[in-house]
Amino acid sequence: MLDKQFIKTIKENPLLTKRQEIDLANKIKKGDKKARQKLIESNYRLVISIAKKYHRDELDFQDMIQESSVGLIKAVDRFDPTLGYKFSTYACWWIKQSALQYVNENSSNIKVPTHSRMLNSKIKNKIIELEERNGKQPSLEEVSNEIGESVKKIKYTLHANKKIASLEKSLDENSTNATLLNKVEDSSLYSNPEKLVESKELNLIIRESLQLLTPKEEKIIRLRFGITERADDSNSFPVTDQMMEYL
Amino acid sequence: MNNKKYVTTNNYEGMGYYDIAKVMTENGHKMNHSTARNIVIRSFSKIVKNISHKYNKKYTEEQIKSIAKSPQFQNSIVEIMKGYNSEEEKFN
């Protein structure tokens with residue numbers, strides 16, 4: 001919700017005509033602070049309209065407006081009326097930039113570069129478009145051909161922009177115990193004693209089986225898989241300097 | 001023309017069969033690359049046979065060879081040989 005002072009400012013400052021904008025811009029160039037204030041306040045509507053478009057549930061709308069206003073101020077300071085554009089045409093890019101930067105920095109705990117986030121949304125939109133067109137989920141190669149980026153880059157971008165969830169986040173507002181952490185299965189062997197015993201037994205059998213290998217066989221397997229010699233093994237196959245070099 | 005291709009997944013920093021054969025030959029065990037490969041498969045087959053025997057499983061020679069050749073099986077055995085397999089060992 002917007003505060004009353006902000007609404008009052010908007011009401012007191014109706015939209016400007018192109019002529020008024022040019023006059024104010026010329027005054028600003030001469031250092032008129034009141035004109036600057038007037039041009040800023042008269043364009044708050046534009047800020048709200050753009051901020052609404054980029055607002056996400058997890059973000060504070062007031063903060064979003066504040067950050068987008070920074071873009072408006074930049075636009076006011078850099079607007080050149082001699083180019084012939086309307087102020088709103090110029091300002092909307094600066095406001096969008098500030099709004100997107102705020103979204104980028106605050107919508108996730110991990111900051112992802114803006115270009116990566118933009119590419120991510122481009123990829124996702126393309127996936128939806130291809131799904132609708134072909135009636136099936138597109139492969140990464142298809143998306144890559146359409147967007148003109150490599151499969152590796154697409155994979156990396158999708159991975160980097162994955163949403164993260166806190167393990168401590170409550171799944172049920174009424175219960176503090178219903179966290180994601182409590183729902184994650186403990187798959188370690190220690191949570192299942194039977195599995196632990198089975199695993200131990202299998203381990204012993206495998207170790208016993210390894211004893212069946214002749215030194216030559218053991219040596220070749222060691223060479224093949226880069227397993228270094230046991231220092232305490234006197235029966236082990238002799239290791240030459242060349243072998244050590246290879247290993 | 002021989003179209004046979006050997007596909008082995010080996011994520012370890014080990015040696016190729018040609019290099020193994022060379023090292024073994026230099027150490028008095030004359031062999032070529034295919035012998036080295038056959039010895040690797042034979043060794044893993046020995047392990048499969050012993051494990052299946054312990055668990056009273058009766059596999060055919062073909063099945064044993066197929067298990068011995070599988071990268072998953074080979075990787076597991078190698079991990080045990082390296083002493084990293086057991087979760088217990090990691091903690092202790």
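User: Which helix of chain A holds A:Lys38?

Analyst: The model is predicted. In chain A, residues 33–41 form one helix, and A:Lys38 has its place there. That helix is H3 of chain A.

User: Does A:Lys38 count as buried, partly exposed or exposed, and why?

Analyst: A residue needs 20 or more C-beta neighbours within 10 Å to be buried, and 12 or fewer to be exposed. A:Lys38 has 18 C-beta neighbours inside 10 Å, so A:Lys38 counts as partly exposed.

User: How far apart in space are A:Lys38 and A:Glu21?

Analyst: Along the sequence, A:Lys38 and A:Glu21 are 17 residues apart. In space, taken from C-alpha to C-alpha, the distance between A:Lys38 and A:Glu21 is 9.7 Å.

User: What is the orientation of H4(A) to H5(A), and why?

Analyst: Helix H4 (residues 44–54) of chain A packs with helix H5 (residues 61–78) of chain A at an angle of about 125°, and their axes are 9 Å apart. Angles from 65 to 115 degrees count as roughly perpendicular and those over 145 as roughly antiparallel. The angle of H4(A) to H5(A) therefore makes the pair oblique.

User: Which residues of H5(A) make the contact with H4(A)?

Analyst: The crossing of H4(A) and H5(A) is right-handed. From H4(A), the contact is made by A:Val47, A:Ile48, A:Ile50 and A:Ala51. By class, this contact has seven nonpolar, two polar and no charged residues. On the side of H5(A), the residues are A:Met64, A:Ile65, A:Ser68, A:Ser69 and A:Leu72.

User: What pattern does chain B follow along the sequence?

Analyst: Chain B has five helices and zero strands. Read along the sequence, the pattern of chain B is α-α-α-α-α.

User: What percentage of the residues in chain B is buried?

Analyst: Chain B has 92 residues. Of the contacts in chain B between residues at least 6 apart in sequence, 30% join residues at least 24 apart. As for burial, the buried residues of chain B make up 22%.

User: Which helix gives the largest share of the side of chain B that touches chain A?

Analyst: Chain B brings 29 residues to the contact and chain A brings 23 residues. On the side of chain B, the elements that give two or more residues are helix H1 (17–26), helix H2 (33–54) and helix H4 (71–82) of chain B. The largest share is nine residues, and it comes from H2(B).

Terms used: Residues numbered from 1 in each chain as written. Chains lettered and ligands numbered in written order. Predicted model: local features only at pLDDT ≥ 70, side-chain atom pairs only at ≥ 80, totals over all residues. Contact = placed C-beta atoms within 7 Å. Helix = DSSP H or I, 4+ residues; strand = E, 2+ residues; numbered from the N terminus. Axes fitted to C-alpha atoms, helices over the stretch in contact; angles between N-to-C directions. Parallel < 35°, antiparallel > 145°, perpendicular 65-115°, else oblique. Left-handed = near helix turned anticlockwise from the far one by under 90°. Nonpolar A, V, L, I, M, F, W, Y, C, P; charged D, E, K, R; others polar.
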